[in-house]
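I set down here, in order, what I looked up in this structure.

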Amino acid sequence: MTHRIPHAALLELAARRRRTDDVLRAIAVTTVLGGREVLRGVDLAVRRGEVFVIMGPSGCGKTTILRHLAGLQPPSSGTISVEGRDLYALSADELDALRLRTGLAFQGGALLGSLSVEDNVALPLRENTTLPDAVIRQVARMKLDMVGLLHAKDLLPARLSGGMKKRAAIARAIALDPEIVYLDEPSAGLDPITAAGIDNLILKLNAVFGITMVVVTHDLPSASGIADRIAVFLDGKVAAVGTRDEIWGSSEPRIRDFVDRRLREPEGEAADIARYFTI
Ligand SMILES: Nc1ncnc2c1ncn2[C@@H]1O[C@H](COP(=O)(O)OP(=O)(O)O)[C@@H](O)[C@H]1O
Ligand SMILES: [Mg+2]
């Protein structure tokens, strides 16, 4: 699994796996943080087996909606449902059971610095299963192999490059064979070639294993390369949702501003930085 599968082959494989039922929904989600309404009535639906990308300028609420969808934090109002069940009405046991079927890799990677890469990946298996240690090690190594990081299994996180940290975090996110994986800015801060490698990994996990991927990014090339569908978040709302062609072909001025990177203040500075690093 360490080699790259051609982009076109991945897309073809993924298309065969795609389903039309909604696995995740946000309905009228509103969230107040620090006295400010960060999300202002978000509606979205993620289909089983797709790569769903949440895109938008810095500070528009992408991480916040991802935390809601992943069961980490309830919204101030509105509903998050997973397979038709209200996520935040589940009992603690039901929520735990659901969490075992999902994987998360958040922005900073959040690897434990005192544990080797292999032990970081093994952690969810040690905490949630009673498998013998030899089996856990084998599974952890298999996951590391899947993300192209088996050679680094004995290293401590501090020894990893930025791209390797992201891969390790993804390996940990897939440790328990999840059905849904949430990734927050998986290629942020990486050089374009390393970022493209992460994008290929995302497509591979989706196409080969059928994992539903919900990916937050402000990186337009990455979004357009991996997404089945994209939701553009602006001012705490879903301003548009559609395929790459629908979003890039939109005639709506605010969407055009975003895809053409003519972002208005106060996002101008973030846009300048994004432009500087991605071109
Ligand atoms: N715990 C918090 N308390 C107060 N404000 C917050 C908190 N978390 C996020 N925010 C604010 O909410 C807005 C959206 O944050 P976030 O979802 O992280 O945006 P994004 O991921 O799109 O950059 C930002 O303005 C941020 O400063
Ligand atoms: Mg964020």
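I looked up which element gives most to the shell around ligand 1: helix α2 (residues 62-69) supplies the largest share, three residues. A residue counts as near if its C-beta atom, placed from the backbone, lies within 6 Å; helices are DSSP runs of H or I of at least four residues, numbered from the N terminus. The model is predicted, local features need pLDDT of at least 70 and side-chain atom pairs pLDDT 80 or more, while totals for chains, interfaces and linings use all residues. Residues are numbered from 1 along each chain as written, and chains are lettered from A and ligands numbered from 1 in the order in which they are written.

I listed the residues around ligand 1, among them L33, G34, V38, K62, T63 and T64. By class, the shell has three nonpolar, seven polar and one charged (Ala, Val, Leu, Ile, Met, Phe, Trp, Tyr, Cys and Pro are nonpolar, Asp, Glu, Lys and Arg charged, the others, Gly among them, polar).

I next examined helix α4 (residues 117-128) and helix α6 (residues 162-173), which pack at about 30° with axes 8 Å apart. Axes are lines fitted to C-alpha atoms over the stretch in contact, and angles run from 0 to 180 degrees between N-to-C directions. Helices α4 and α6 are therefore roughly parallel (under 35 degrees). The contact includes V117 and N120 of α4 and R172 of α6 (C-beta atoms, placed from the backbone, within 7 Å).

I finally noted domain 1 (7-20 + 48-72 + 91-101 + 179-278) and domain 2 (112-177), with bounds from an automatic or database domain assignment. Their contact takes ten residues from domain 1 and ten residues from domain 2.

Technical notes. Helix = DSSP H or I, 4+ residues; strand = E, 2+ residues; numbered from the N terminus. Parallel < 35°, antiparallel > 145°, perpendicular 65-115°, else oblique. Contact = placed C-beta atoms within 7 Å.
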